[in-house]
Amino acid sequence: MKRYKIAVIRGDGIGPEIVDEAVKVLDAVSAKEDFELNYEEYLMGGIAYDVKGTPLPDETIEGCLNSDAVLFGSIGGEKWDKLPRDMRPESGLLRLRKALGAFANLRPTKVFDELVNASTLKPEVLQGVDLFVVRELTGGIYFGEPRAKEADVAYNTMIYTREEIRRIAVVGFDSAMKRRKKLCSVDKANVLEVSQLWREVVEEVAQDYPEVSLSHMYVDNAAMQLIRNPKQFDVILTGNIFGDILSDASSMISGSIGLLASASMGGKVGIYEPIHGSAPDIAGQGISNPIATILSAAMMLRFALGEINAADRIELAVKNVLKDGYRTRDLSAMGASEVCSTSEIGSIIANYVAKLS
Ligand code: IPM
Ligand code: MG
């Protein structure tokens, strides 16, 4: 029997409750398949600051590096907002991504037919949307130096090297080759030098992928096009901050930010994390949607462990659960036959996983 080591980071806010549901579903799927998952829990984020005095303790980095994959919930909250930047939960997450070399963040948005009415956008705009954001994750303005906040002036630096652009472009083109072979690279090359280099390097990498049709779009236009006609996109390739913003926007195409999963990969060990934050306002009430984390766990099975059947099983179970009308509160206005709590929907998905032949 195959055994995998999973580092589990539950984090802050709704993190613990959504991760618990993902583990429930993972246990249901591993019971059906020929592998075993061994979980090791690590502290990160605000909780790690409270307990250990740092948002990213060394043993967390080490534990993650010694695992087959990291399953991550969410971090952050008002309680830690006033801390110096280095001590903030977010900075722990950024450092973990960097420490694991997770430079490629893959964020799929697929509209479930059952939820076309869940979005604030018109169903005919959404039906059939299937797009894939490839976001650069360990560079750009998030990490660029110099950076500072002084009394009357503050600044950050958006910086990319040729090599950083090349390696994320390769991920973008490889992803496009596995999909509909369309890649839209998003930048702000009409204003920023860093985007001009981005565009140049993407064009160079494109030479190796003659089958992929490449287009370029300015980020402001891309934001508008995503809402106007999301079906035009297959793979969107973009930098760190533009990808952060565009992936939140694309989540509303699916109906709720509580649905979007992601994989942060590139190094030896990947992080599988929902795209949403820690939602402290609803934490502990049992109303959060664990599906983004459950689908992130499916991405973990697929990409990190190569357990494709298990990943398919989870994705199908989620689809069927939605089809049968089960909804968490974020989706409940849209014709739900039943509004479920966080742990109820987790258990229902686990049961569906168990029942699938
Ligand atoms: C995300 C989040 C993070 C980011 C925050 C929590 C640091 O918004 O994963 O999209 O900006 O990358
Ligand atoms: Mg974000």
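This is a predicted model: local features need pLDDT of at least 70, side-chain atom pairs count only at pLDDT 80 or more; totals for chains, interfaces and linings use all residues.
Residues are numbered from 1 along each chain as its sequence is written. Local features need pLDDT of at least 70, and side-chain values use heavy atoms, with hydrogens and water left out.

**View 1. Helix α11 and its neighbours.** Helix α11 covers residues 308-323; helices are DSSP runs of H or I with at least four residues, strands are runs of E with at least two, and both are numbered from the N terminus. From first C-alpha to last, the 16 residues of α11 reach 22 Å, close to the 22 Å expected at 1.5 Å a residue (the expected span is 1.5 Å times one less than the number of residues). Buried residues of α11 include A310, I314, A317 and V321, where buried means under 20% relative accessible area with a 1.4 Å probe, protein chains only. An α-helix has 3.6 residues a turn, so residues three or four places apart point the same way. The buried residues of α11 pack against α1 (15-32), β2 (35-41), α10 (291-304), β13 (326-327) and α12 (342-355). Just after α11, G325 has a positive phi of about 95°.

**View 2. The two domains.** The domain assignment gives domain 1 (1-111 + 257-357) and domain 2 (130-252), with bounds from an automatic or database assignment. Their centres, taken over C-alpha atoms, are 25 Å apart. In domain 1, 17 residues are in contact with 21 residues of domain 2, contact being heavy atoms within 4.5 Å.

View 3. Lining residues of the largest cavity come from β8 (182-187), α7 (193-206) and α9 (240-254), each supplying at least two.

Terms used: Chains are lettered from A and ligands numbered from 1 in the order in which they are written. Buried means under 20% relative accessible area, exposed over 50%, partly exposed in between (1.4 Å probe, protein chains only).
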